[in-house]
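Good morning, and thank you for making time for this item. I should like to take you through one protein model, from its strand pairing to its helix and its cores.

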Amino acid sequence: MPAGRRPDPPKTPMLTTRPPSATPLAPPVLADIVGGLAAARDLWCGLVCHDPGGRRPVRLLATGVYEVWVIGWTTGQQVHVHDHGGSAGAIFVTEGELVEVLPRRGGAAVERTLAAGRLRHLGVGTVHDVV
């Protein structure tokens, strides 16, 4: 990358199962769905908005069992510590990178860098921040 040029902001398809689904989708199923959609870039890339004023999530798909969102991030944006209720989820970073912060009781938070091409499964009850 040329000196002085910032990396492209990340584009991240995210999938969550939706209550009242009795059982969240299994991680391999979530991975197949989000990975397949991430590979079908032409279907969603034009919907991504990188707004320095705030993240702009776009819901791509909603079924009775899951939702798929694409979110454009810019440097310095975050969502703050949260969970996804009774839902499982998956994040697939298609460009750039994100840092996931996992708070720990009585200890230092754990940080994970999610680089382009990386899939992250979010189990039911996962509490995290994404920056």
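Let me begin with a definition: two strands count as paired if DSSP finds at least two bridges between them. Helices (H or I, at least four residues) and strands (E, at least two) are DSSP runs, numbered from the N terminus. On that basis, β5 and β6 pair in the antiparallel sense over seven bridges.

Before going further, please note that this is a predicted model, in which local features need pLDDT of at least 70, side-chain atom pairs count only at pLDDT 80 or more, and totals for chains, interfaces and linings use all residues. Residues are numbered from 1 along each chain as its sequence is written, and side-chain values use heavy atoms, with hydrogens and water left out.

How far can the model be trusted? The pLDDT, which is the predictor's confidence in each residue from 0 to 100, averages 84 over the protein chain, and 83% of the residues score at least 70. Where pLDDT is low, the predicted coordinates should not be read in detail.

Overall, the secondary structure comes to one helix and eight strands, in the pattern β-α-β-β-β-β-β-β-β along the sequence.

I return to the hairpin. Between β5 and β6 there are two residues, and G106 in the turn has a positive phi of about 70 degrees. V101 has E111 in β6 as its bridge partner. E97 lies in strand β5 (residues 97-104), and the C-alpha atoms of E97 and A115, 18 residues apart along the chain, are separated by 4.3 Å. The open sheet has three strands in the order β6-β5-β8, with antiparallel pairing. β6 and β8 (129-130) stand at its edges with a single partner strand each, so one side of each is left without a neighbour in the sheet.

Now the helix. α1 (residues 27-39) has 13 residues and reaches 18 Å from its first C-alpha to its last, close to the 18 Å expected at 1.5 Å a residue; that expected span is 1.5 Å times one less than the number of residues. Which residues of α1 are buried? With buried meaning under 20% relative accessible area, exposed over 50% and partly exposed in between (1.4 Å probe, protein chains only), they are L30, I33, V34 and A38. They cover an arc of only 130 degrees around the axis, which puts them on the same side of α1; the arc is that of the directions from the helix axis to the C-beta atoms. The face turned away from this buried side carries the exposed residues P28, D32 and A39.

Finally, the cores. A nonpolar core is a set of buried Ala, Val, Leu, Ile, Met, Phe, Trp, Tyr and Cys residues joined through side-chain atoms within 4.5 Å. The largest has ten residues, including L25, Y66 and F92. Its largest share, four residues, comes from α1. A second, separate core of eight residues includes W73, I91, L98 and L122.
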